[in-house]
Amino acid sequence: MNHSDLPEIANVSRRKLLKGFALSGLVLAVGMPSQLFAADETPKYGRDGMPNGWVDDPLVFVSIAEDGTVTIVAHRSEMGQGVKTSLPMVVADEMSADWAKVKVVQAEGNEMRYGNQNTDGSRSMRHFFMPMRNVGAAARMMLEAAAAAIWSVPVSEVKAANHQVVHAASGQSLGYGELAQKAAEMDVPESQNLIYKTADEFNYIGKSDNRLVDGADIATGQTTYGMDVRLDDMVYAVIAHPPAYGDTLKSYDDTETLKVPGVLKVLTLPSSPPPAVFNPLGGVVVVATNTWAAIQGREKLSIEWNAGPNRQYDSEAFRKTLERSSQQKGGKVIRSKGQAYKAMANASSTISADYYIPHLAQAPMEPPAATARFVDGICEIWTATQNPQAGVDTVAKWLEVKPEQVKVNVTLLGGGFGRKSKPDYLVEAALISKALDGRAVKTVWTREDDIQHSYFHTVSAEHMEAAFDEQGDTIAWLHRTVAPTIASTFSEGAKHEMPMELSMGVVNIPFDIKNIQIENPEAPAHTRIGWYRSVANIPHAFAIQSFIAEMAHQQQKDHKDFLLSLIGPDREVDPTSLKDEWNYGESPELYPLNTKRMKGVINMVTDKAEWGNHYRQVLVREWLLIIAS
């Protein structure tokens, strides 16, 4: 099922050779990417700024069999967003392949070969659209060159279409399978020489009537998720994790556990001192012949825990602490324009509001599960993960082996939402297999385990104030956001939101207001803080857009019109001028804030939603305006 099943040709430099691109049988060449980026100080954005960059080598992503089957590697993780279909389809379209003759295989975790594989941030298509077009265009041009060489005609006289290359003048044609061998003798075109299809030539890109890879198998239960993996002589494990983050194991009694039919063994896992990073929580492991027996055995354990610093964490009491901080001056000032406090003191009218957002758990439909086998210094893992490279690196650290001694096979994900980008459950499986002398083991988190021990999306208190002049125009804006930061998961004691978090709708509001003050009081973390879909936009957009609705209501103005007036005239805004140094990892020059587009979104969506229809307006208001933010 994975790329390693295919023959490999080593030491093929990027865009220099296509040796082996079309050999006999299931033909394939696997090239190692060159060092794509020289060490320099030039800022890198988008896909160029990602760890391990990107690869667009057809030798890595495409193979052609003698029967014409085109195999394309999907190097991102499929968790329901359709990326296992969309990116290979881009390749197929550019190389004029017949999608019915295309096979898609899932890549193992190997960023040196495939480039960045961390499927986070809703950016797979945005970042890899052009690299995948490069792959497809290069493959198509090599097939055309091969056909031209066979017919001794200029390459300009041949054209690839629908899985074959045609020479119109002579009426000759050759299928991709027939051309594969010759294509192996062609040079891979340099990137600057690639010829792309025009949009009107696309068969799949932008179309909606194409089948999904695995779609039928998913619908009929034939696909393999992390929880479905089965290996010979495999055992199953569940873990009694510490009840609070930071607790450690004091003692345990497994007498009753070992009486449960099917229970084989009880082990312990070491606890990890903070910061949490992607390390396992530790605890007591019950190994059994099946998951049910392991769960039953865990319930029979008698465990004493050493209380850690978070044992007394009370979310209701902490909420009050956050809210008190949000209502007091003195927090870290992250943006200050004009004199907001003075403007408020002299305003015709003011308004304030407070919003609270509780912890959120990703709760994917498929809880974390990983199967591991550690034999002769080599650890192989099968799991649903958004970030296989982090799994490789973290498992290698805990097993004290080199990363190349760890292989992560990526299955379909039954949801992820950021939870499965943290590979702590991979480490658990690897350590348990090692403790069992290499026996294959699947660790399973129950739904309850996932809810209690997740990397929770942060709790947050948002305090908002605004002031108006006599005409009801907004003259001052104050926002204090207080939330434990994701940084606390990676750096002990971090108490302020990171620039990345603050750039998700707080610091970079594009509003045309003379006086703006944005502050970020500190907040300690008591749980493992993770990221959830939309990350910090969740509390920020919720608070800001709710507040704008309240402002409009107080001023007796239409909500949509009021928001448009806050955004102000059409203009492009340099994010860095708003203290936004992150800008979603994109160049501030290529991706400035464009208020015309923002207002266009608001107008288009509200028109379609029949703004003014009270009931529909209530239903769509928050959703529409969050998009606009």
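Two strands pair if DSSP finds at least two bridges between them. Helices (H or I, at least four residues) and strands (E, at least two) are DSSP runs, numbered from the N terminus. This is a predicted model, in which local features need pLDDT of at least 70, side-chain atom pairs count only at pLDDT 80 or more, and totals for chains, interfaces and linings use all residues. Residues are numbered from 1 along each chain as its sequence is written, and side-chain values use heavy atoms, leaving out hydrogens and water.

Select residues 158–161, strand β5, and then residues 164–167, strand β6. The two strands run antiparallel and are joined by four bridges. Ala-161 stands opposite Gln-164 of β6. Two residues lie between the strands, and in this hairpin Asn-162 takes a positive phi near 50°.

**Stop two: a loop.** Select Ser-454, in the loop between α12 (447–453) and β19 (456–457). Ser-454 counts as buried (under 20% relative accessible area, with a 1.4 Å probe and protein chains only), because its relative accessibility is 2%. Now show Gln-362, Arg-419, Asp-449 and Arg-528: Ser-454 touches these (heavy atoms within 4.5 Å), leaving aside residues up to four places away in sequence.

**Stop three: two helices.** Select α15 (residues 559–567) and α16 (residues 595–608), whose axes come within 10 Å and cross at roughly 175°. Axes are lines fitted to C-alpha atoms, for helices over the stretch in contact, and angles run from 0 to 180 degrees between N-to-C directions. The helices are therefore roughly antiparallel (over 145 degrees). Among the residues that meet are Leu-563 and Ile-567 in α15 and Met-598 and Ile-602 in α16.

How values were computed:
Angles under 35 degrees count as roughly parallel, over 145 as roughly antiparallel, 65 to 115 as roughly perpendicular and the rest as oblique. Buried means under 20% relative accessible area, exposed over 50%, partly exposed in between (1.4 Å probe, protein chains only).
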